[in-house]
Amino acid sequence: MEHPENSAEYKGLTVNSGVAQPSIVNPYLKHGRFRRRQMSAADYVEGILIGDVTVLGRAVTLVESLNPEHQAVAQEVIEKCLPYAGRSIRVGISGVPGAGKSTSIDVFGIHVLEQYGGKLAVLAIDPSSERSKGSILGDKTRMEKLAVHPDSFIRPSPSAGSLGGVARKTRETIILCEAAGFDKIFVETVGVGQSETACHSMVDFFLLIQLAGTGDEWQGIKRGIMEMADAIIINKCDGNNVDKCQLAATQFRNALHLYPAPESGWTPRVLTYSGFYNLGIKEIWDMVYQYVDFVKKNGYFEHRRNEQAKYWMYETINEQLRNSFFQNPHIVSRLSAAEEMVLSGKQTSFVAAKQLLDEYFTGMREKKDGE
């Protein structure tokens, strides 16, 4: 008689107190061939298109990798997934640390899945350590309901020091998630206030979470973020804090009137809610879908998607040029000497930079002529 641990039904199970329990990987055992060998680009695409979140997770890891070989495969996967992408609603969610972004996203996610169906991907960008470049990745632990929901995919990623807390490869990850059938994408940023431009340039709706009594409604330094917001929502509007939240909402509305009208023609709104007590959530998402209908009818939705694609084309050019420069063997050998010249005061920073760039482009021309 076959030992039960060798049976097909038993594989992928763990034993706890004599009772077989599914292991973490068991739900995707049917696609186990993707995990037992090195995967090709075609394998990744096949797994993504059938909605295998294990393969999707591995593909995202590939996209985030700095290994040139991994990047080559990742770009091939993205290119093949591109025809299946673009059919989601992308929502950026930002706010100061402590505003309750992760808790709110947990409540928001459950609401949109229950009310609108479909599948939701949450790309949560965690702050990175400047020393190790690692991340606590604690956002997922605060999304208790979404973390176990069968139609959600939560991907915490370290920001790796990128400005505004938006991971460098988040846009490519969005494409992969859409190809895997996720029709709702949340992008949560660190919310440190440095620059949320990167997030704004990859989402359809930008939601800014605020708290009452912080003074942000009158701080000019926050103007850039507030101008990008399609809506400002004030969290923790419950208990003794209701009056403060209502007052803050009025102040935010007054502040928004001072800004130029958005290109979309949409008038940004200010709403209050309580993520902890699940109050006012329906009104927020009714507003989001009203916005989507509004901009699709006036043509701004498609216009913004096209402008975002163009923006990221130029960003990719800048990134590739930067990487090519700093990975050039001649430049690598010359950087220390150039730094020494600058630090010793024998050369200005600008002259040193120009010399290095001239040497780089001269080397590139000579390489091209020799081919």
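Does S201 count as buried or exposed, and at what relative accessibility? This is a predicted model, in which local features need pLDDT of at least 70, side-chain atom pairs count only at pLDDT 80 or more, and totals for chains, interfaces and linings use all residues. Residues are numbered from 1 along each chain as its sequence is written, and side-chain values use heavy atoms, with hydrogens and water left out.

S201 counts as buried because its relative accessibility is 9%; buried means under 20% relative accessible area, exposed over 50%, and partly exposed in between, with a 1.4 Å probe and protein chains only. The residue sits in the loop between α7 (197-200) and β7 (205-210). Helices (H or I, at least four residues) and strands (E, at least two) are DSSP runs, numbered from the N terminus. Leaving aside residues up to four places away in sequence, S201 touches R171, Q308, Y311 and W312, where contact means heavy atoms within 4.5 Å.

R171 is one of the buried residues of α6. Just after α6, G181 takes a positive phi of about 100°.

Another part of the model is the pair α1 and α2. Helix α1 (residues 41-49) packs against helix α2 (residues 53-64) at an angle of about 130°, with axes 8 Å apart. Axes are lines fitted to C-alpha atoms, for helices over the stretch in contact, and angles run from 0 to 180 degrees between N-to-C directions. In the contact, D43, Y44, G47 and I48 of α1 meet V55, L56, R58, A59 and L62 of α2.
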